[in-house]
Amino acid sequence: MTDPRNISIEEYNYPLPDERIAKHPLALRDTCKLLQFRNGAITDHIFHELPELLPAGAMLVYNNTRVINARLRFTKSTGAAIEIFCLEPHSPADYEQAFASRKECSWQCLVGNSKKWKEGCLEMNIETPAGKTCLTAERLPVPTAPDKSQSIRFAWDNPALSFSDIISAVGEIPIPPYLNRRSEESDSTDYQTVYSHIDGSVAAPTAGLHFTPALLEALDDAGIERREVTLHVGAGTFRPVKADTIGGHDMHSEFIAVDRDFISDLAECVGNRPVVAVGTTSVRTLESLYHIGCMIAAGKWTGELAQWTPYDANSGALSARDSLQAIIKWLDEKGDSTLVGRTRIIIAPSYRYRIVDAMVTNFHQPQSTLLLLVSAFLGDAWREIYTHALDNGYRFLSYGDACLFFAPRD
């Protein structure tokens, strides 16, 4: 396997005019364009044709994470505006427990205009359907993390309110920075998939934004099996690769949770029926499962999958089924029904896909890790595909149009 650390990110650049970036979604989600790449050919479709395009008996896997109102805006007595962007819970570290907290909790956060907040607490008086409260924020005395995030303690004086109630009342949905606009009320609905129900992401798994209840029903009628995984998308998904080579990019860590019963069914599916991942987050979760299983089988699993694990000399020792079975055995021995962990893997050219046979995804930013993931799946064909999309009026990025990619295994 070629070491991807030496890949120049400049090789994954392409011209993307601002006017081709969709600032809002279409009124009808499933009427966006859908570019299909299959058997080396590009064809143009509408997204609601997806049930007809997927192979019979396919397993469609999507990310059920829900975007939280992660952006909190405080105003100091001096008039200075301080923005706190909640990334992930610190104490309690469990997402469900953090959202259920009644008096206080702490989160890893990015702080905007931090130079104006040197000391003391920030305060915000808020009203919710469950009552009023005063929310305070203070920095904890711990070092700033490598990603510039800080540990912030939130506290409030109304125990009838959970942290989830508070951010729902005053937080803003964190739309992508490349939209170059403030969040709007419509984003609260537009920037959520119709099947989202597990709170925790600060960015949407945007390939799923094209689905509608009617389309999900059509998939069921077509005999497509729909299954869920959870990956809480972090802000790092938007972080550009600033190093000249990929080896200089520090990949972000993201939380995953996958049910044991799904892993068992997936083990029976791989190699027998096509596995279709909706979005790069589902791709990352499914492919992480393979490498987690290998780590478990080798007695090396520590709870987080390292960035370069897939490229280690012994990373591909097991078949996909054997790797998944290793996870099932490990969970059964522990008496657990869910695999919970974190993944940092980067999927880049030379990566060998083990689980995913096809993917539904959007068009990604130039020089991004998401474009690297697509290139690892398609090879150099991504250039022809993106040129076709630019030449034929496709809309790009989170609120843009979609793709359906098929690729042979090595």
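Predicted model: local features only at pLDDT ≥ 70, side-chain atom pairs only at ≥ 80, totals over all residues.
Residues are numbered from 1 along each chain as its sequence is written. Local features need pLDDT of at least 70 and side-chain atom pairs pLDDT 80 or more, whereas totals for chains, interfaces and linings use all residues; side-chain values use heavy atoms, without hydrogens and water.

The whole structure contains 23 aromatic pairs (rings of Phe, Tyr and Trp, the last by its six-membered ring, with centres within 6.5 Å; planes under 30 degrees apart are stacked, over 60 edge-to-face, the rest tilted). Two of these pairs are tabulated.

| Pair | Centre to centre | Angle between planes | Class |
|---|---|---|---|
| Tyr12 and Trp382 | 5.9 Å | 25° | stacked |
| Trp156 and Phe163 | 5.8 Å | 35° | tilted |

Tyr12, in the segment before β1 (33-38), and Trp382, in helix α10 (residues 381-391), are 370 residues apart. Both Tyr12 and Trp382 are buried (under 20% relative accessible area, with a 1.4 Å probe and protein chains only), and Trp156 and Phe163 are both buried as well. Ring pairs join Tyr12 and Trp382 with Tyr14, Phe363, Tyr386, Tyr394 and Phe396 in a cluster.

Two rings of this cluster also have a charge over them (NZ of Lys or CZ of Arg within 6 Å of the ring centre and within 35 degrees of the ring normal). Lys33 sits over Tyr394 at 5.1 Å from the ring centre, and Arg383 lies over the face of Tyr12 at 5.9 Å.

Elsewhere, Thr230 belongs to strand β12 (residues 225-232) and is buried because its relative accessibility is 8%. Beyond its neighbours within four places in sequence, Thr230 has contacts (heavy atoms within 4.5 Å) with Asn63, Asn64, Ile198, Phe255, Ile256 and Ala257.

Methods. Helix = DSSP H or I, 4+ residues; strand = E, 2+ residues; numbered from the N terminus. Buried < 20%, exposed > 50% of the residue type's maximum accessible area, 1.4 Å probe, protein only.
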